[in-house]
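What holds the parts of a folded chain together, and where does open space remain between them?

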Amino acid sequence: MFQITRLESEKDQSYISEIARAVHQNETLALSNQNRFLYLLPRENVEIYVCLQNQVPVAHAALFYNDELHYENYRSATVGFYECAHDFAASKKLLDSLERRAKEQGRNFLIGPMDGSTWSKYRFAAVNPHPFFALEPYNPAYYPEQFETAGFHVIRSYETRLLTH
């Protein structure tokens with residue numbers, strides 16, 4: 001059984017650490033950034049949620065509200081700082097809950113992943129046969145599919161290339 005809980009302060013950071021360790025295990029860079037967004041609490045335009053399964057944290061994400069952000073004619077919110085175990089049911093439960101909360105706040109379009117703006121992390125890396133490229137986003141390969149399963153679709157795509165001549 002899943003439970004979605006809103007984090008209210010930095011005292012809740014143990015949830016974030018547990019999820020990061022479960023998802024990234026021994027990946028030093030990912031683990032060193034695990035609490036990078038807790039500075040956002042408390043703030044009225046950001047809500048951070050965690051998904052618990054049998055009282056164990058399995059996913060988290062932040063919901064950002066920016067009155068200046070619109071996609072086409074839609075008042076939008078963004079989903080960012082996403083981490084999730086390889087569990088599509090947990091991911092869907094969390095993302096569906098965020099969509100409902102955004103609608104309660106008058107937002108009718110949800111953009112993600114985007115950590116608040118494009119000045120921060122704002123996309124997933126696709127599965128790629130080439131080695132990780134510096135300054136590119138890093139995420140488990142299943143993250144894009146988790147978002148698609150929850151009803152998200154690509155509205156923009158980017159490509160990074162290394163030119164060798």
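A salt bridge is taken here as a side-chain nitrogen of Lys or Arg within 4 Å of a carboxyl oxygen of Asp or Glu. The model is a predicted one, in which local features need pLDDT of at least 70 and side-chain atom pairs count only at pLDDT 80 or more, while totals for chains, interfaces and linings use all residues. Residues are numbered from 1 along each chain as its sequence is written, and side-chain values use heavy atoms, with hydrogens and water left out.

**Salt bridges**

The structure holds eight salt bridges, and the table gives the N to O distance for some of them, including the bridge of arginine 75 with aspartate 67.

| Arginine 101 | Glutamate 47 | 2.8 Å |

Helices (H or I, at least four residues) and strands (E, at least two) are DSSP runs, numbered from the N terminus. Glutamate 47 belongs to strand S2 (residues 46-53) and arginine 101 to helix H3 (residues 88-104), so their bridge ties together parts that are 54 residues apart in sequence. Accessibility is classed by relative accessible area, with buried under 20%, exposed over 50% and partly exposed in between (1.4 Å probe, protein chains only). On this scale glutamate 47, at 3%, counts as buried, whereas arginine 75, at 34%, is partly exposed. Lysine 103 and glutamate 99 are four residues apart in helix H3 and are therefore separated by about one helical turn; lysine 103 is exposed at 53%, and glutamate 99 is partly exposed at 32%. Salt bridges with shared partners also join Arg6, Glu8, Glu47, Arg101 and Glu104 into one network.

**Aromatic pairs**

Rings of Phe, Tyr and Trp (its six-membered ring) pair if their centres lie within 6.5 Å, and planes under 30 degrees apart count as stacked, over 60 as edge-to-face and the rest as tilted. The structure holds 11 such aromatic pairs. In one of them, the ring centres of tyrosine 82 and tyrosine 143 are 4.9 Å apart and the planes stand at 75°, so the pair is edge-to-face. Because tyrosine 82 lies in strand S4 (residues 74-84) and tyrosine 143 in helix H4 (residues 143-149), the pair ties together parts that are 61 residues apart in sequence.

**Nonpolar core**

A nonpolar core is a set of buried Ala, Val, Leu, Ile, Met, Phe, Trp, Tyr and Cys residues joined through side-chain atoms within 4.5 Å. The largest core has 34 residues, and those with the most contacts inside it are Leu63, Val79, Tyr82, Leu94, Leu95 and Leu98. Helix H1 (13-24), S2, strand S3 (56-71), S4, H3 and H4 each give two or more residues to this core, and S3 gives the most, with seven. Leaving aside neighbours within four places in sequence, leucine 94 is in contact (heavy atoms within 4.5 Å) with Ile4, Tyr49, Cys51, Ala59, His60, Ala61 and Tyr82.

**Lining of the largest pocket**

Helix H3, which carries arginine 101, gives the most to the lining of the largest pocket, with four residues.
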